[in-house]
Amino acid sequence: MQDPTSRSDSDQGRVEVKETTCYMCACRCGIRVTLRDGEIRHIEGNPDHPLNKGAICAKGSSGIMKQYSPARLTKPLLRKQGAERGSSEFEEISWEHAFELIEGRLSKIRAEDPKKFALFTGRDQMQALTGMFAKQFGTPNYSAHGGFCSVNMAAGMIYTIGGSFWEFGGPDLERAKLFIMIGTAEDHHSNPLKIALADFKRRGGRFISINPVRTGYSAIADEWVPIKPGTDGALIMAITHELIKQGLYDRDFLIKYTNSAELVVDDPSRDDHGLFRRFEMHVEEGCFDPENKLWWDIDLDREISTHTPGVDPRLMGEFKLEDGTSVKPAFQLLKDRVEEYTPEWAAHITGIPADTIRRLAHEMGVVARDQKIELPIQWTDSWGNDHDSVIGNPVAFHSMRGLAAHSNGFQSIRALAILMTLLGTIDRPGGFRHKAPFPRPIPPCPKPPKGPEAVQPNTPLDGMPLGWPSKPDDLFVDEDGEAVRLDKAFSWEYPLSVHGLMHNAITNAWRGDPYKIDTMLLFMANMAWNSSMNTENVRKMLTDKDENGEYKIPFLIVADAFQSETVAFADLVLPDTTYLERHDAMSMLDRPISEFDGPVDSVRIPVVPPRGDCKPFQEVLIELGSRLGLPAFVKEDGSRKFRDYPDFVVNYETSPGSGIGFLAGWRGKGGEKFLKGDPNPRQWEMYKENGCVYHYELPKSYQYMRSWNRGYLEWARAHSMTRYAEPITIHLYSEVLQRFRLAAQGKWPGRIPPERLRKRVEENFDPLPFYSAPLEHKLVDTHTYPLNALTQRPMAMYHSWDSQNAWLRQIHTHNYLFVNPRTAEASGFGDGDWIWVESPINKVRCMARFSEAVEPGTVWTWNAIGKAAGSWGLSPKANESQKGFLLNHVISEELPPCEAGDHMSNSDPVTGQAAWFDVRVRIYPAEANEPEVTSPQFKPQKKLPGQDPKRGKWQAFVAGAFRKKAKIQE
Amino acid sequence: MTQLALVIDLNVCVGCHACVTSCKEWNTSGWAGPLTDQRPYDADPTGVFFNRVQTYEAGVFPNTETYHFPKSCLHCEDPPCVPVCPTGASYKREDNGVVLVDYDKCIGCKYCSWACPYGVREFDEQQKVMKKCTLCIDRITDMSLPESERKPACVLACPTRARIYGDIHDPDSDVSVAIREQGGYPLQPEWGTKPSNHYLPRRKTRIQIHEDELVRVDNPLKKEELPTLPEAGETLDDVAW
């Protein structure tokens, strides 16, 4: 062999280096792609990118194997005439034919009843476009995957502090001294969290992980606190109990920046019971929190307007106003609430010893109080007070699906946000920090439509498909108070379902409840597999026919880049590109990649040409929007407005002349403006010249305390990030929730819930957090089904995408059910044995693996490794389908019939968040004579026209020579 | 003499496998490639990886530790895989101490993998030659790369920066300082192979809170105390005469 030191890789073939943005998960790291003779040589992290600073993960480093995967779809496909749906019998068609088919169908629906078209998307990173398309079409039946992902985390925190974790904000580990991670899987956030966590540990920070399972991030925690699933709320409220008891809360912060000291009417006989006492004053109609509320002045011992200079108000006590109204400060109500939530009470529920709970509270409270950070940064608050410094209480938290994916998740997350608030850590150094465009008003301004009249033929939807209700009158219901949306979002069943309930879309469409639809378009959402609950039955619904022999869901269009399980059920398949083949905008209108120090957005620019006839889904929407004559996509004369997606991104404005478009960077005719400015014809080039990312760093004085930082808020308004520069007072006490409760009690002048839901709304719309066991635990026999079953995603894989990846599937080829040996012993099986996992609705056969890193009442597995036979370009004998399994088969998408209804979603009653982690199971050994394969099994999917022919028994990837050798079609 | 090596910090490794696939990606198209895969889309896929992460549990619930343990060739100072090679294919570079295999000389006899106590050699079943970690020899010696990128792919990729690269014979290098100051240790020193790669152990941070630290004079609860009014009734002012 040649001496390796005498050669350079850059001399091997024709080398090109291009920058773009990763999409092997939702992190969106900056990447540098090196090509050799037009083939991808390697993908590395972009060292100059603010998000990943050069790091790249296992998925990002395996992008090559996704690009050249045999699961790639390359041709538009139409189900063969006479072939049954689900049989994978397709014929290739042209894009023109595909567009004609869709145009014909959709233009008819739009002219008759637009809501009969439903558009649901997965983790698409382009909700700004897909949501807008739905609105322009006129259908309310749109959502992305948030409802079954972590909407509780978004809603629970945004309805409390005006921001949330992950894309919306996060822990400031650069300055934190104590970090508590509770209920976090390995994937939210990925690289940025790994980078920050490691640096935090190196600086000597203390890291506590509260989780039923110890893997990934929890593995390097200084302390692991195992907890029973679904009981996080009990733990958090017991910690709150102890903090208040010891006086370990930041009184100054609570008074100035939250509604803790504001006086709440405390008289159950009155219709305004539980609302803030407001005095008469002219209030401009808007979505901010007007400051017409009262404090109780300690010195004068009487009521006084909030934020009166020099006044020190009471946080505790009960008082009578001059007019005789009984009131209590919101903080007193919280104190009353947590009175019964003692550490001893929580110990019984959570499995965590009371002494440990107390110690956790003391660690948090004392570090927050005694290890304060003071940064010499001057700023001015919303009330005109100048501050010489920014103070930080260095206790940071992070949390995701472990709290969110329970039916009690919303209130548990409210409790967490309140705990973070009590410690005085919001938008302060070392605590929680917002990311632009957050903080936003509580709740944010956009609202869903108000009623059925918002849906009209040939007309855009009147309202946003997804919005933020602030009172019962913002719900999207008909005269009877019942749902208008297919997924029943924003109805009294799930009033604050701000991300929709995609997980019920298929079941509802199949049942025709609340109505039948005609066409469903699914974009990269694997609803026939890991994105559905009760998967085996959902697959049957997709092929079920009515008495006339017609499919109950008449027409199903699937847009995807890969041969997923769902593609098999399509009537029409639209082949999407990979992330390396297309333009994308990670827009400020959707969920950008902002940093704590200011707004950041980014783009993708193609580094290789698309394979076969695949077409970016954005181009499909632009084409359809133009053909259907949707107002935003056509000129006044009805002719096409945008050449293609890149042209759309540059020239689209939210309204003519608004200056707000998909990208925030380099706006204005010459690229001299940001956030707001005229379209810039060279915007793409400017992104390209700058590593595909735009980062605006705020002045230091605008980087903290942003909810009450006058300079920042006025800056945000001037740049059209917000409509109001009013302070965003933290909702320790949620008047928004109380409005819904009053409606359920018949005390609200507007809309009231249907009778069957009154009790449910009254109970769950509690203005203060409370603990209640998950719904399913109350409705199923927990003696028969004694165990909790969880899933989490391994760091080396994302959603269902990566079993097709020849490198990543060698890391996780099949999954096991992890069981504590004590639990297994009680059930009579050994390590590696085949067992059954059974819930009230279904059962799955799988292999068990002993683990001491899981609490004995919980079993768990890696999600989305198990596959249906023949899918994802894998052989029907692949381990993923023979030994791998999908837990979703045992998780119900609906609750057992109850007072609220026979078909209630298995979701949080406030937000509609899918309660995946509520499932209860029992486990027992498989019989000796049973086959050693997973169950259920499905008839193997066939390869599709346009997919690569069978790959060889071995492969050796060498850039520049691979595609030809492997006979991969261009 | 220079001895290049990795120091791997088990205190921050979260087991994400970034080092595993970034290594595979760089090397399969590089000097030491390809890294072939058997049955890439069929049952029981297996292939050549120069670097793998193993996960272990230690202790009994609830006192359980989970360890992620990345493992690749340790580039021993006295590598047992070199003298056993009958053809001289397996060798240790004099200029930087990296242990390499010359595929042109390798006859696939596997003596080296039997001799290696660490199980880090990777036999390519397709090409019938032995392969292994090269510390990305074709990156670290490529002077056309900027200095900041003349590092193994795994080191550049690692999100937790758990992989430190440098010369363990230079007492001032990052690796030597890390070994010295953070208790870096070699694997199985009893074999006498003098592994160059080292590992940094787990370290725990605790907070000690004394009972008297809980309460301070400025405890906010004091603000909420109601003024204590004297009990109604007589006082000396009323009765003294």
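Let's begin with an open sheet in chain A: three strands in the order β26-β27-β28, with antiparallel pairing. Strands here are DSSP runs of E with at least two residues, helices are runs of H or I with at least four, and both are numbered from the N terminus; two strands pair if DSSP finds at least two bridges between them. At the edges of the sheet sit β26 (584-586) and β28 (693-695) of chain A, each pairing on one side only. β27 (residues 600-604) of chain A is joined to β28(A) by three bridges, and A:Ser602 has A:Val693 as its bridge partner.

A word on the source: this is a predicted model, where local features need pLDDT of at least 70 and side-chain atom pairs pLDDT 80 or more, while totals for chains, interfaces and linings use all residues. Residues are numbered from 1 along each chain as its sequence is written, and chains are lettered from A and ligands numbered from 1 in the order written.

Now, how do the two chains meet? Chain A brings 79 residues to the contact and chain B brings 68, where contact means C-beta atoms, placed from the backbone, within 7 Å. On chain A's side, α6(A) gives the largest share, seven residues. That side divides into 36 nonpolar, 24 polar and 19 charged residues; nonpolar means Ala, Val, Leu, Ile, Met, Phe, Trp, Tyr, Cys and Pro, charged means Asp, Glu, Lys and Arg, and the others, Gly among them, are polar.

Strands cross over too: β35(A) runs antiparallel to β2 (residues 37-38) of chain B, joined by two bridges. There, A:Gln955 is partnered with B:Asp37.

Terms used. Contact = placed C-beta atoms within 7 Å.
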